[in-house]
Amino acid sequence: MAEFLGTYVIKLEETGRIRLPQDVIDCFDDNAYLTEGDGPHINIFPKEARDALLEAYRDLPLPRDSEIEWRLRELTSSLKEVPIKVKGRLSIPKEYRETCGLNGGEDIVLIGVLDHLEIWNLQTYKTAKDRRRSQALYG
């Protein structure tokens, strides 16, 4: 399974497309699987990681906890298959861009999270990261 590490600052085109870094492109086939994140971000999964995540939910014993059921609903109801075009271009659906405050022509951040990537508004990510550091240092 692909392993995503590191942080990339990339440009969101006015058309809502991004260009994935070359080392990231190599981890995908012709499609990516996007979902809304559990915060103000978008998750991007290669097929193998998407399949493993869905299988992990399938393997949970029934009845499932209500929190798990809601997370499953949020995942599956927002899951979109998006083709990766020439040179690693990927179109981010408008509703996802709006939910996460992503504006065309601006820099965004692409973060590796082991089996998937996250896309964040650059300023939102910096603020969230600073808040976490502050909480860790000062409680």
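**Ground rules.** I number residues from 1 along each chain as its sequence is written, and side-chain values use heavy atoms, with hydrogens and water left out. Because the model is predicted, local features need pLDDT of at least 70 and side-chain atom pairs count only at pLDDT 80 or more, while totals for chains, interfaces and linings use all residues.

**Helix α2.** I took helices (DSSP H or I runs, at least four residues) and strands (E runs, at least two) as numbered from the N terminus. Helix α2 covers residues 47-58, twelve residues. I found 16 Å from its first C-alpha to its last, close to the expected 16 Å. The expected span is 1.5 Å times one less than the number of residues. Next I looked up burial (buried is under 20% relative accessible area, exposed over 50%, partly exposed in between; 1.4 Å probe, protein chains only). A49, R50, L54 and Y57 are buried in α2. Down the axis they fall within an arc of 130 degrees, so they line one face of the helix. The arc is taken from the directions from the helix axis to the C-beta atoms. The cover over these residues includes β3 (31-36), β4 (41-45) and α3 (66-78).

**Helix α5.** Which residues of α5 are buried? They are L122, Y125 and A128. Their arc is only 135 degrees, which puts them on the same side of α5. They pack against β1 (7-11), β7 (107-113) and β8 (116-121). The face turned away carries exposed Q123, L137 and Y138. I also checked the N-terminal end: N121 caps it, with a side-chain oxygen 2.9 Å from the backbone nitrogen of Q123.

**N43.** I located N43 in strand β4. Is it buried or exposed? N43 is buried, at 10% relative accessible area. Its contacts (heavy atoms within 4.5 Å) include Y33, L34, H116 and L117. Its side chain makes a polar contact with the side chain of H41 at 3.4 Å. A polar contact is a pair of N or O atoms within 3.5 Å; within protein, one must be able to donate a hydrogen and the other to accept it, and sequence-adjacent residues count only if both atoms are side-chain atoms.

**Cores.** A nonpolar core is a set of buried Ala, Val, Leu, Ile, Met, Phe, Trp, Tyr and Cys residues joined through side-chain atoms within 4.5 Å. The largest has 24 residues; I18, L34, I44, L90, I92 and I119 have the most contacts inside it. A second, separate core of six residues includes I111, W120, Y125 and A128.

Definitions and conventions: Lists of a residue's contacts leave out its neighbours within four places in sequence.
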